[in-house]
Amino acid sequence: MHKTTGLAAVGILFLALLAGNSSLLPAASDAGLKVYSASTVMKGDTYFMDAQLGYNLSQAALDALDSGVPLTFELEVDIYTPRKWLWNKTLLRSSHRYQVVYHALSQQYIVTNINSGIQNNYSRRNTALLSMGRINDVPLVEQKALPESDAVMVRLRVSLLIDALPSPMRPWAYINSDWLLASEWFKWELK
Amino acid sequence: MGTQVTRSWAGVISPMAGLLLILLASFYVLSNATENAARFSNLYGWMLLINLAGLLILVGMIGVNLYKLVSQYRAGVAGSRLTVRLVVVFVVLSVLPVSIVYYFSLQFLQRGVDSWFDVRIERSLEDALQLSQVSLDLRQRELVKQMSGAVRALVDVSESNAGLTLSDMLERTGAVELSLLGKNNRIIAFSSADASKVVPHRSNEDVLMQVRQGSYYVGLEPVKDTGIHVRLVFSVPTGSGANTEQRILQALFPIDQRISTLADSVQEYFTVYKKLNYLRGQLKNSFLLTLSMVLLLSLFSAVWVAFFSAQRLMAPVRDLAEGTQAVADGNYDKQLPVAGNNELGFLVQSFNDMTRRIGQARSQAQESEQQVESQRAYLEAILGNLSSGVITLDHELFIRTANPVADKILGLDFQDYIGRPVDDIAQAHGPLKRFVDIIKPASERPEQWQEEIILFSQAGRKVLMCRGTTLVDEAGASGDHVIVFDDITTLVQAQRDAAWGEVARRLAHEIKNPLTPIQLSAERLQFKLQNRVNDEDGKILSRSTETIVNQVEAMKEMVNAFTDYARAPAIDLQPVDLNKLIYEITEMYKMPALYIHCQLDNRTPIIQADGTRLRQLLHNLLKNALEAMSGIENRKIDVMTRCMDESGCRFVELTIRDYGHGFSEQVMGHYFEPYMTTKSKGTGLGLAIVKKIVEEHGGMVTAENLPDQGAVITIRLPVVTAKTENPVRGQSADIKDNS
């Protein structure tokens, strides 16, 4: 799913370039997603991930959120073996999705871990985003699934899922930097 | 009938129809996805990409067609101008209505989307939401009041009794979930109406922090799968002094089912409306995008169809133009592809029939032409092998054709005069003027004509027998003239020779016989009467008798000469050395004031000839030369033999030239006829006998005056036996009597 939407996004980006769309220029604000820190802890035979993410959304995204548009974010985690002359060998790839939506009646921001189904409510938006940025004890991989000799790396990225936005928003989201929200890959050594 | 060529458009239509179908389907999906239909939502990006790619393909195809059309237009290809006009008309006809529809659709779209949103509706929804919140607020206050009293039961309750207390409280208060948290949010006790639940719905940190500061919290909270609940969080002080512990009671209360349903409904519609309101701009843009792409698809399809239709419509016309050009260039085998069962197809079919028939007619014409050519070649072969000369003149007396024999007889090359007036021959060749002067008026005669024409040239006298007629065509109109002529010089000569031979024979027979009695009678008269007459009469008698005898002798000589001429004894062919014979004969003519120069070719072979007859021939020629030089002081005769190299030495040529007065005009052309002499004495049979001897040996003799002085007689004798040359006989000698 992620690959296909990425391809479609590239296609639309290309067409937007043909059309000379100026909205591809970087936004004036410092909006963006960021991985502040990430680490793994082995408990028993399993590696668990802790991470601190920053959801600094653009004004357009915040307006959409306050207007009842659910925003979905995806955490991509790759566990791989780095290679010098070839591309890295991916051992495991996992994805974790979080959704935040505003509930007008209760005036609560509901944050849902789509993978686990756990839902938390927050009366303030910032609290909801901060809460969503705290990643604790996410099981990654069992130790026995990893090669013994080679070094193993983990990389983490968080991004806004444009394909999860309502359809009318997508064409413009694909070509507008306000919506092209994604962090850089954050890498660290697993073992 | 030939095979029919058909034009197939399926190779073009099928892929294009497939592309258009795919684009239409993707537009359907795109349209549904724009309306947020769940089943197509995930395909939205792909559909956009596919449609844009399809549009690009269409643009590319139109570009290729446009480039081809412009190239054809510039190159002036047949039908390209009409194709351009058709394309322009088609495009205008399709673009105009589509553009109008597009404009009004945009208007309707703008107004339609805007009409979804109304301030009053928005206000009503907000009011409904507030109403729901107020309604729920009352419930929350009631619950706060109720739980404020209930919380006292938990003060100083031990952790072991906390569970029972919470269960009791759960039953009494109607809560669905109660949990007691200790220090660091540790769960001391938990009670839930749902026995399967073991973990409470935790409040967030903000709420807990707020409560720990001595306050309480109440609020609505949507719970997954169970709707809106009221959350209450109270601080529960426990212990005293150093053992004081601040506990927190979390309570989750359901709201009335009816109120909950209504509140959820209000929440849902409010959220949808607000979201739609927020998406209004994007929605319009998305519809605009879809509509624009549909418009572009329609436009590009229409333009492509315009190109396709124009080309398909013009293809038979272009084929016809090319076919006509091909026919004009002589290609009658051109067959055009059948354009279908319509008027153009009928036209193309007719063209194919026409070229097929023209091709057949051309084949027949070629066969006829070949036959005519064959007949002409046959006729030319016949004419070329005729012994007669044949020339044809058109009705204006211009030369049309002439056979090779005509060239040979008249001594000119007729090819130089083809297409020219016959008068040009007379102007270029003076001796032929008489020939032209006779055939011109004769050709005007409608009936067949025949004339004997005598021509004089350096080659001598030539007798032609001309016959002519005018060709009449089927309509009866007179046209070309055909003139056939034969060189009958030889025939006439033969007739003359035969006549003279007969004369000689009769002379010999009829005249020679009485001569002897006449001579004897005259001598007897003189003998008998000589003594009976006086002297004077005797003298007269003697003179008369002598005259008679002399004249009889002369007549005898003449008759003998005629006898020799007329006599045709069988020649006795023996090997003869011609040079040696010449040398012997010329030796006999040593006499004063005569110089005989002999130039004899040493390659002259031994010939088969009658030596006696050749000796007579040489005597006659030398005598003739001497007589021709009578009255000239320094007489000179050149005798020359020559082996004819050009004929492979199959002829020996003997030439005797004198430096005398030459032949007179009177005998021109009759040199070798008896009695053709201008000399006062002689029989006039010398050259006639020479010719007779030469002809007996199968040779030929000619005589002509030389331009400067004298005459020359040339004799050609065939070498009957192929003998080798005689190495001893070649010599050059000057014979002269110096005495």
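B:Ser664 counts as exposed, because 11 C-beta neighbours lie inside 10 Å of this residue, and a residue with 12 or fewer is classed as exposed. The structure is a predicted model, and it scores ipTM 0.75 and pTM 0.51.

- B:Ser664 belongs to the loop that runs between β17 (651-658) and α17 (686-696) of chain B.
- B:Ser664 and B:Asn705 are 41 residues apart along the chain, and their C-alpha atoms are separated by 8.9 Å.

**Chain B as a whole**

- Chain B contains 17 helices and 20 strands.
- Of the 739 residues in chain B, 25% are buried.
- Among the contacts in chain B that join residues at least 6 apart in sequence, 61% link residues at least 24 apart.
- The average pLDDT of chain B is 81, and 88% of its residues score at least 70.
- In residues 722-730 of chain B the pLDDT is below 50, although this stretch has 18 contacts in the model beyond near neighbours in sequence.
- Where pLDDT is low, predicted coordinates should not be read in detail.

**A five-stranded sheet in chain B**

- An open sheet of five strands in chain B has the order β3-β2-β6-β5-β4, with antiparallel pairing.
- The edges are held by β3 (187-192) and β4 of chain B; each has a single partner strand, so one side of each is left without a neighbour in the sheet.
- On average, neighbouring strands of this sheet are turned by 20 degrees against each other, with direction ignored.

**Packing of α5(B) against α8(B)**

- Two packed helices are described by the angle between their axes and the distance between the axes.
- For α5(B) and α8(B), the angle is about 145 degrees and the axes are 10 Å apart.
- The crossing of α5(B) past α8(B) is left-handed.
- From α5(B), the contact is made by B:Glu122, B:Leu125, B:Ala128, B:Leu129, B:Ser132, B:Ser135 and B:Leu136.
- From α8(B), the contact is made by B:Ile259, B:Leu262, B:Ala263, B:Val266, B:Tyr269, B:Phe270, B:Tyr273 and B:Asn277.
- Sorted by class, the contact of these two helices has 11 nonpolar, three polar and one charged residues.

**Contact between the chains**

- Chain B contributes 36 residues to the contact, and chain A contributes 33 residues.
- On the side of chain B that touches chain A, at least two residues each come from α1 (10-34), α3 (44-75), α5 (119-150), β4 (217-223) and α8 (257-328) of chain B.
- The largest share of that side, 14 residues, is supplied by α8(B).
- Taken by class, the side of chain B that touches chain A has 17 nonpolar, 14 polar and five charged residues.

**Chain A as a whole**

- Chain A has four helices and nine strands, and along the sequence these follow the pattern α-β-β-α-β-β-β-β-α-β-β-α-β.
- Of the 191 residues in chain A, 35% are buried.
- Residues 24 or more positions apart account for 64% of the contacts in chain A that have a separation of 6 or more.

**Positive phi values in chain A**

- A:Gln107, a residue other than glycine, has a positive phi near 55 degrees.
- A:Gln107 is placed in the loop between β4 (89-103) and β5 (108-113) of chain A.
- A:Gln107 counts as partly exposed because it has 14 C-beta neighbours inside 10 Å.
- A:Asp137, also a residue other than glycine, has a positive phi near 55 degrees.
- A:Asp137 is placed in strand β7 (residues 134-142) of chain A.
- With 9 C-beta neighbours inside 10 Å, A:Asp137 counts as exposed.

Note on methods: Residues numbered from 1 in each chain as written. Chains lettered and ligands numbered in written order. Predicted model: local features only at pLDDT ≥ 70, side-chain atom pairs only at ≥ 80, totals over all residues. Contact = placed C-beta atoms within 7 Å. Nonpolar A, V, L, I, M, F, W, Y, C, P; charged D, E, K, R; others polar. Buried ≥ 20, exposed ≤ 12 C-beta atoms within 10 Å, placed from the backbone. pLDDT = per-residue confidence, 0-100. Pairing = 2+ DSSP bridges. Axes fitted to C-alpha atoms, helices over the stretch in contact; angles between N-to-C directions. Left-handed = near helix turned anticlockwise from the far one by under 90°.
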